[in-house]
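Please work through each task before reading its solution.

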Amino acid sequence: MGYLATKDYFEDRDFVDKWLYTIRTGELDLSWMKAATEKVKPHAENPRRGLIYRDIDLGAYGYSNLPEKVRRNRSFAPRGAELPEGLPDAQPWVSRKSELWAHNTDGYYEEAVTRQWNATTDIPWERLEGVELPEATGKALSQLMTFLTEVEMIATDTPAMWLPRLNPEFIEVRAFIAAQAMDEARHAEVFRKRALTTGHGLMKASPMNEMALKHLRDADSFSEMSVALHLVAEGNVLTLFRFSEFLSPTDVDKRIFRLVMQDEARHVGYGMQHFKWVLEHFPQKREVLHSHLDEAENISFASGAATELTESFIVLAGGGLKQENIAQGVKITTAFQLKQMHEHFERLDKCGMPERKSGDRSRLWNMFEMGKAAAAEAGIKF
Amino acid sequence: MAVRFPSTEYFTALKERMAAEQARFRRLGFIDTTFGITVAGNGEPRNFILSFEVFELADVREVDAIDAASVDFVIAGDAAVWREMIDNIRRNGEADTHHDINTLTHFGEALKISYADPEGHDKLYRFMESIQEFFDLTSQVEVSF
């Protein structure tokens with residue numbers, strides 16, 4: 001048992017007597033009714049949208065005036081509540097706003113909540129009845145789904161494990177991270193279901209992929225986790241989902257990929273906003289984030305080129321195993337890999353880190369340049 | 001009565017059907033994005049700006065040119081490609097696997113996406129299902145060209 005109460009309440013005579021006294025007499029303490037807190041009267045600015053977090057950004061309850069370093073509250077108390085003596089120290093790891101904040105965090109959360117979908121009832125699974133894909137395509141689809149299920153399970157764990165480490169003053173970020181964990185759990189569910197409905201069952205786990213996933217899980221700080229997860233990994237996966245939608249053999253697969261890409265793009269949006277925020281408000285972290293990006297790019301490059309992903313993608317893209325199919329598949333897959341890298345550097349540039357578009361700063365940039373040259377030589381456009 | 005494509009009347013017809021199908025679009029969630037549509041033909045291209053807010057298309061207007069910085073993204077293509085997409089939706093009730101927006105825009109060969117800001121570009125994907133289902137409403141509209 002990791003935590004013991006500071007008292008054995010069953011043996012605390014005063015505590016038990018007070019409980020029994022209240023039952024017998026109905027005499028109430030009511031001191032909580034005099035809580036020294038601010039009284040506000042929020043209303044929905046846009047009734048069509050409903051009462052959103054932005055509408056309750058008021059006084060001590062709001063997020064606009066959060067200090068950079070939160071020192072007043074280390075308990076589980078919600079922002080704006082009276083903090084009496086005796087609250088426990090919950091030992092949050094992250095109490096610095098620039099470590100986790102992002103412009104429009106509350107907006108991303110509200111969007112997440114309204115755009116939730118259901119992998120059981122929102123996918124027209126019945127349309128797969130009687131659909132028989134050619135063996136190679138079916139196996140490639142199932143391998144892709146196996147890979148993605150593996151990815152999404154760690155993408156669920158990673159934000160979830162940071163939740164209790166975030167100071168409760170940052171309720172909007174905690175809500176967004178909780179919604180993200182739910183999104184990722186649904187992705188793991190939908191990919192697992194689709195893998196099994198191919199008739200080929202799950203295929204092979206990927207050691208290369210799992211190394212990359214471990215890197216996401218084991219980041220030293222929230223910002224490093226966010227850069228690796230939201231910006232690098234999910235940025236890459238967003239491109240992967242768009243290509244997968246493009247390659248989808250059935251309209252059911254198309255719908256699956258359209259729905260997951262919406263969630264992924266939202267996570268990337270938060271990641272970009274957070275990255276911008278941390279570079280602007282905690283500039284000392286720039287070099288730390290560079291170092292983390294060095295490793296994130298190394299691992300994402302390896303994971304993106306993992307045999308289990310690349311080959312299944314080539315077969316799906318080309319539509320089979322004949323030589324002409326493979327040639328077509330290699331073209332599309334190369335375009336996909338270059339697009340991933342292009343969009344990665346484009347996002348970093350937009351966030352305020354243009355210097356990574358250089359071989360001196362990023363080895364992935366060197367690979368990108370090399371890949372572009374090889375693709376041009378092979379007549380591949382991206 | 002048939003509405004012509006491209007025209008503000010076409011997009012307004014979709015806007016009205018979107019409003020009529022509130023339950024469906026509420027289920028898909030908030031959609032907050034402003035994007036451009038360009039339809040190139042033999043003459044001058046026709047440009048439209050569509051502004052979505054909360055659950056609906058709040059505004060549609062035709063403009064002479066689209067400043068990429070003032071919108072999240074622009075979807076552009078020849079009138080023939082748009083027509084093929086519209087015909088396909090009208091025939092199937094929704095876009096088939098070769099005619100949905102992500103597929104048509106993917107390599108920029110049929111329709112092309114342009115943007116000034118990668119965050120704006122990502123909004124196409126954040127709201128993809130709503131945007132697709134918005135265009136799928138074409139199945140309920142008589143369209144002439």
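**Exercise 1.** In which crossing, left-handed or right-handed, does helix 7 of chain A pass helix 5 of chain B?

*Solution.* The model is predicted: local features need pLDDT of at least 70, side-chain atom pairs count only at pLDDT 80 or more, and totals for chains, interfaces and linings use all residues. Residues are numbered from 1 along each chain as its sequence is written, while chains are lettered from A and ligands numbered from 1 in the order in which they are written.

Step 1. Helix 7 of chain A passes helix 5 of chain B in a left-handed crossing (the near helix is turned anticlockwise from the far one by less than a right angle; clockwise would be right-handed). Helices are DSSP runs of H or I with at least four residues, and strands are runs of E with at least two, numbered from the N terminus.

Step 2. The axes of helix 7 (residues 251-281) of chain A and helix 5 (residues 118-126) of chain B lie 7 Å apart, at an angle of about 155°. Helix 7 of chain A is therefore roughly antiparallel to helix 5 of chain B (an angle over 145 degrees, on a scale from 0 to 180 between N-to-C directions).

Step 3. Among the residues making this contact are Met261(A) and Met272(A) of helix 7 of chain A, and Tyr125(B) and Arg126(B) of helix 5 of chain B (C-beta atoms, placed from the backbone, within 7 Å).

**Exercise 2.** Which element of chain B gives the largest share of the side that touches chain A?

*Solution.* Step 1. Chain B brings 20 residues to the contact and chain A brings 27 residues.

Step 1. Helix 4 (101-105), helix 5 and helix 6 (128-136) of chain B each give two or more residues to this side.

Step 2. The largest share, 5 residues, comes from helix 5 of chain B.

**Exercise 3.** Describe the make-up and dimensions of chain B.

*Solution.* Step 1. Chain B contains 6 helices and 7 strands, in the sequence pattern β-α-α-β-β-β-β-α-α-β-α-α-β.

Step 1. Its radius of gyration, taken over C-alpha atoms, is 14 Å, close to the 15 Å of the globule rule for 145 residues, so chain B is as compact as a globular protein of that length (the rule is 2.2 Å times the number of residues to the power 0.38).

Step 2. The C-alpha trace of chain B spans about 35 × 35 × 30 Å along its principal axes.

Technical notes
Parallel < 35°, antiparallel > 145°, perpendicular 65-115°, else oblique. Contact = placed C-beta atoms within 7 Å.
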